[in-house]
Amino acid sequence: MNTNTVNSKKAIAQLTIVRIIVYIILAILTILCLFSFYMLIINSTRSNGELQGGFTLIPSTHFIQNLVNAWNDSSINIPRGMLNSFLIAALSAICATYFSALTAYGIHAYNFRGKKFAYWFILAIMVIPSQVAASGFVQICYKFGLTNNYLMLILPGIASPVVFFYMKQYMEAVLPMEIVEAARVDGSNEFFTFNRVILPMLKPALAVQLIFTFVASWNNYFLPSLLLTKSELKTVPIMIAQLRSADYSKFDMGKVYMFILLAILPVVIVYLILNRNIIKGVTSGSVKG
Amino acid sequence: MKEKKEKRHVSYAKWGLIFIAPFFIAYIIFSLAPQIITIYNAFFENYRSGLTIVGPNFVGLRNFVSLFTPDANGTIDILKYTGNTLLMWVEGAIPQIVIALLLAIFFTSYRLKIKGQGFFKAVIYMPNMIMASAFSMLFFTLFSNVGPVNQVIQAMGWADATIDFFSMTVTVRGMIALMNFLMWFGNTTILLMAGIMGIDQSMFEAANIDGANSLQTFFRVTLPLLKPILVYTIITAMIGGLQMFDVPQVLTNGFGVPNRTTMTLVMYLNNFLSGKNYGMSGAVSVILFIVTGILSLITFRSLRTQSEEA
């Protein structure tokens, strides 16, 4: 009895030490993750002179001034870039999510010849990197005058194997065939049933995938940088890369930090509001059970 | 009655095909056809020299031969860039997987009962959502010659002169690896956590009753049962790593400084593509496709054994 309590006391002490170490590791990682963004926010509040003057962790007062300077910059039209990015991201998110749900429902709810093949085919193409198609895609776009055409960045989203896979998994969990049968109104058009009855039942999954596909498109740099050559059509990541290639020494650094902040801000805001759903979405999509 | 039912069944099948049609049409137009054109063009000479367009002329395997021909200094670019890509991936992926595994165990441990898990998960996953090119530009400004990092080093008197982080291979690769680590370790943590929570709890209880300590439990129970998911995570991360582009492209302004030691495969592809050299870009794509294909095959094999076990 006595040795038992001594042992358990020892175990509790050990556990406390382990716990402290774990929290220290977590604190270090938290700082590592947040520090560069903290510096970004601080530096976006400082004037160019202050930024040249030295390092500080305390915000200054030039936030509005930097914002106005960045917003009205003559060479980098960031409001236009944000509008362009938003347009492409929103439309491609809707395309990718809607058609993935439609495809998943087509395979989930109907029996037809080649259904198994279609399913395995989509899984197989999931692992082919999109860059492999890029060369031919860019070539076609230049040949047929389809560069600077947003449809070339939006429509490919219709075939999004990863989103399809997520939707299929979700349907298997929440949409058993009995519900599908019940949802069908006799004599009503199947397409109508999908839009009016099935889609509302998929709302949580649709929301998660809308966020993921929106963010992926908002951040996308590779293909847009090859296809969008007109300056008024450029998206935010292209503008950020332009900032990098510009003559750096002549720049107002306060403005540069503000550009970077504006580029990531929309996603950060969405993330702050919806991070719980987003993190849940990460697991349910990629790992089975 | 029976006949009517069968009829209905047939008409439903039609709907399945209609619903999956847009996906396959879009896939053929925007992915499959471009992929075939990419591979086809790898066997043609097709580039611009000034204003004149050369080709397309069939040249057989000449594009591939020139890809693997050493330049004046005896380096074979594509091998160098493949090496850079894999090396920088490994430098980021090792800490990524080790730390993710540790965190996944901390978060799922019923003995530790870590508080504030929601907060920590939100923080470590956040860099994954950030625009890679903006994150990279941020690192560039922070580590530039007049940036805050150098200001701190000067103020503390740690170095006599400004440290030019972009003139040394080790620091540029280090920055790229650090960014990749920060962007992906949260994601890996969450995937591995799901894997650990999927393990039958009675396994841990049994190990506990048998008197196994935490380390024994980890190496004898958790790790072997987690292996399929771990393999899957590592290989998908490797396929992602082969596509590394935004971060090194923006950080080094597309040059892979210093001396192309941070140039990746996709940056190389991008150079040919922006120069409209479709023959060479096609050949690089084919190499990228083959390397990824080999890795994907391994992924599928590991996935299949996983589902057979389940």
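1. Helices (H or I, at least four residues) and strands (E, at least two) are taken here as DSSP runs and numbered from the N terminus. On that basis, chain B contains 12 helices and two strands, arranged along the sequence as α-β-β-α-α-α-α-α-α-α-α-α-α-α. The radius of gyration of chain B is 25 Å, well over the 19 Å that the globule rule gives for 310 residues, so chain B is more spread out than a compact globule. This radius is taken over C-alpha atoms, and the globule rule is 2.2 Å times the number of residues to the power 0.38.

2. The model is predicted: local features need pLDDT of at least 70, side-chain atom pairs count only at pLDDT 80 or more, and totals for chains, interfaces and linings use all residues. Residues are numbered from 1 along each chain as its sequence is written, while chains are lettered from A and ligands numbered from 1 in the order in which they are written.

3. The C-alpha trace of chain B spans about 85 × 75 × 30 Å along its principal axes. Of the 310 residues in chain B, 39% are buried (20 or more other C-beta atoms within 10 Å of the residue's own, with C-beta atoms placed from the backbone; exposed means 12 or fewer, and partly exposed in between). Two residues are in contact if their C-beta atoms, placed from the backbone, lie within 7 Å. Among contacts in chain B between residues at least 6 apart in sequence, 68% join residues at least 24 apart.

4. The contact between the chains takes 75 residues from chain B and 72 residues from chain A. On the chain B side, helix H1 (residues 2-41) gives the most, with 18 residues. By class, this side of chain B has 51 nonpolar, 21 polar and three charged residues. Here Ala, Val, Leu, Ile, Met, Phe, Trp, Tyr, Cys and Pro count as nonpolar, Asp, Glu, Lys and Arg as charged, and the others, Gly among them, as polar.

5. Chain A is divided into domain 1 (2-66) and domain 2 (73-286), with bounds that come from an automatic or database domain assignment. The C-alpha centres of these two domains of chain A lie 34 Å apart. In chain A, 10 residues of domain 1 are in contact with eight residues of domain 2. The domain 1 side of this contact in chain A comprises three nonpolar, six polar and one charged residue.

6. Chain B is divided into domain 1 (2-58) and domain 2 (71-309), and 32 Å separate their centres, taken over C-alpha atoms. The contact between them takes 10 residues from domain 1 of chain B and eight residues from domain 2 of chain B. On the domain 1 side, H1 and strand E1 (44-49) of chain B each supply at least two residues; E1(B) gives the most, with five residues.

7. The largest nonpolar core has 152 residues, and those with the most contacts inside it are Ile240(A), Phe259(A), Ile260(A) and Ala134(B). Such a core is a set of buried Ala, Val, Leu, Ile, Met, Phe, Trp, Tyr and Cys residues joined through C-beta atoms within 7 Å. Helix H14 (residues 253-286) of chain A gives the most to this core, with 15 residues. Leaving aside neighbours within four places in sequence, Ile260(A) is in contact with Leu40(A), Ile240(A), Ala134(B), Met137(B) and Leu138(B).
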